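Keep the coordinates open while reading.

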Amino acid sequence: MRTDLHRQPVHPVSPLTAVRNLGILAHVDAGKTTVTERILFATGTTHRRGEVHDGTTVTDFDPQERDRGITIFAAAVSCDWDGHRLHLIDTPGHVDFSDEVVRSLRVLDGAVAVFDAVAGVEPQSESVWRQADRYGVPRIAFVNKLDRAGADLDAAVDSIRERLHPAPLVVQLPIGAEAGFTGVVDLLRMRSLVWTDGSDTAVEGVVPVELRDEAQRRRRLLEEAVAELHPVALEEFCTEAAVSGPTLAAALRELTLNGDGLVVLCGSAYRNRGIEPLLDAVVAYLPSPLDVPAVRGTWDGAEQRRAADPEAPFAALVFKVTATATGRLTCLRVYSGTLRRKELVWDAGARRSERAGRILRIQAGSHSELEYAVAGDIVAVAGLKSARAGATLCAPGAPLVLETSHVADPVVSMAVEASTSTDTERLSSALARLAEEDPSLVVRTDAETGQTVLSGMGELHLEVAVEKIRSAHGVAVRVGRPKVSCRETVVRGVTGWVHRHVKQDGGAGQFAHVVLDVEPMEPDAAGGSATGFAFRSAVVGGRVPQEYVRAVEAGCRDALAEGPVGGHPVTGLRVVLTDGATHPKDSSEMAFRTAGRNALREALRGSTMALLEPVVEVTVTAPEGMTGGVVGDLAARRGRVTGSTARAGAVVITATVPLAELFGYATRLRSRTQGRGVFTTRPTGYAPAPSPASDGAAAR
């Protein structure tokens, strides 16, 4: 990773009301990196426009990103606009790197969701939208690529409404269409903004005569939509039969902050059209650190809140760790207090102190030194030895642990080994470094074969990791064929399964008697295989004390690690403790935990089990006339086609396909479509594998 470190003057501390922490979210190839580049250019942060296809972008600075033409790693940059400090994170759009998006969303106050004006809402657009919903991140939308053939703002907005279910509030009207797109009409101020070729700034003017009636109609629709959602706007609309521009702007901000409305803008980032109004909208509608609730944490079981106040005790969350040529950098969001150079901080999760070295303002692959960081800042810190992604750093005298993001379970694994025995130790070091930088990568040793197994979120995820081992760490490696991570589930359970745990070795012994019912959970709302685990106690009369009930549940969870069919994790079942017995001297929590673990293992062997494999929704875009071969190939891969739509000379096919059948699919699709077909995937859960259900006797 290249790091250009140079000392710059320290920026004056901006008031928190003038700070915006935002991310750029989108499906792969929707243009979010180009949007980021144009924002940096418009704000004067860069003096030339970076292009993805030329490998000259600021945020895609990693060699693999430039070679592949996609964003792989979340990159933070900072810029200034209209007296505001913007901390911006350009996130990956490929599903294999969704963990980078989740960790970024955890530390952001707002986001710009970028949509393709031709494709509208795409699979990964929907995924990142749901992730933003989970963290309550306010958003505005930017419909990009209006200069493309087939671009349609209204169709894109309809897809946002139908698939994401917000209330879209369109505040602009395009001037021109497709290649003739030249600008927008600002429906709040009823003015035109036109960009000419060769000009980097918009020319403000009156609304074109031919668009005045349409602009008035759309302004009226905007007023009505806002009045339906906002009481002040409704009152003004009822009394004045209209909503003024200032009232509209104030209502749009409130609706954005509480998630009741989605401000929609449009433009063409590649042609540098629509970026300045987008920046104005970021400042006007997205929240400052003071507009979001105080961050919540816990310590010793008690909940604590920290307001965004530079004078409060220091608290920050680590969201990314990177290794550079000059050492380890820890990227963090400061939620409260102030962090100064060489100050001692407390890692609340690890319960150890560390000393912060240099504090750096992040500019993707380059950094500038700061004397301190305050609440609302997103910075990198050098010198921290052990803080991992998700760690809480706080003042030693005011400890707390902040909620961290959830890391999804890996779905694809491959064996890796050093090409030569002399590189074995270096490979172990490289894998440990990778797992430290990317928590969604898991490294383990197979108990049966002794092989080192690397697991991740997809085939591309593992390809990138292996290439990084080779290029960044200089280790030659051999890899095995990728394998998917399966699950096991209960098809038909058992009732009244009795297990008695008795152990007497002299002195205090162990005694626990449990009776379990095991049953499958109901399928999810979409009809897919059930996942998860539920436990409850139906014991009456106090025959099993509550502390022993919790121990039985813990033992059952231990038993879920390996199922009887193939040693895969078990999911989709419900366990009921129906009866039990204790001994006045020999019963203990350890004894009941052991009994719960062994009882469920035996009960699973006595149940009818099924193997589950991960499945994904595949979206294939192929030229018209080539769909037959594409559909046939999907069917051969055990795929089930769920939809097909025509779009601007191409056909978009959606299908549900087992993940194991998609290894090498990119090459196959290119050969069937003369290099013109592309596809994306989105995880949808697990489905029964083709192998027949295995009952307990067969498992034994």
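Strands are DSSP runs of E with at least two residues, and they are numbered from the N terminus. The model is predicted.

**The pocket**

Which strands each supply at least two residues of the lining of the second largest pocket? They are β26 (412-418), β27 (442-445), β28 (452-456) and β30 (483-484). The lining comprises 28 residues. R444, D446, V453, G567 and H568 lie nearest the pocket centre. By class, ten lining residues are nonpolar, eleven are polar and seven are charged. The space in this pocket is about 910 Å³.

**Salt bridges**

Side chains of opposite charge can pair when their charged atoms come close. The cut-off used here is 4 Å between a side-chain nitrogen of Lys or Arg and a carboxyl oxygen of Asp or Glu. The count comes to 44 salt bridges. Three of them are tabulated.

| Pair | Closest N and O atoms |
|---|---|
| K320 and E100 | 3.2 Å |
| D186 and R191 | 3.2 Å |
| D291 and R253 | 2.4 Å |

Take K320 and E100, which form a salt bridge. K320 lies in strand β15 (residues 315-324) and E100 in helix α3 (residues 98-105), so this pair ties together parts that are 220 residues apart in sequence. Are the two partners buried or exposed? K320 has a relative accessible area of 9%, so it is buried. E100 is at 6% relative accessibility and also counts as buried. Both residues belong to a network of salt bridges that links D99, E100, R103, K320 and D438.

In the pair D186 and R191, both residues are buried.

D291 sits in the loop between α9 (275-285) and β13 (295-299), while R253 sits in helix α8 (residues 245-258), so the pair ties together parts that are 38 residues apart in sequence. D291 counts as partly exposed, at 36% relative accessibility.

Strands of a sheet pair through backbone hydrogen bonds, either parallel or antiparallel. Here four strands form an open sheet with antiparallel pairing, in the order β8-β9-β10-β11. Its edge strands are β8 (172-175) and β11 (203-205), each pairing on one side only. Neighbouring strands are turned by 25 degrees against each other on average, direction ignored. Between β8 and strand β9 (residues 183-186), the antiparallel pairing runs over four bridges.

Definitions and conventions
Residues numbered from 1 in each chain as written. Predicted model: local features only at pLDDT ≥ 70, side-chain atom pairs only at ≥ 80, totals over all residues. Heavy atoms only, no water. 1 Å grid on protein atoms, 1.4 Å probe; cavity = no way out; pocket = protein on both sides within 12 Å on 5 of 7 lines; lining within 4 Å. Points joined across faces, edges and corners; volume = space filled by probe spheres on them. Nonpolar A, V, L, I, M, F, W, Y, C, P; charged D, E, K, R; others polar. Buried < 20%, exposed > 50% of the residue type's maximum accessible area, 1.4 Å probe, protein only. Pairing = 2+ DSSP bridges. Axes fitted to C-alpha atoms, helices over the stretch in contact; angles between N-to-C directions.
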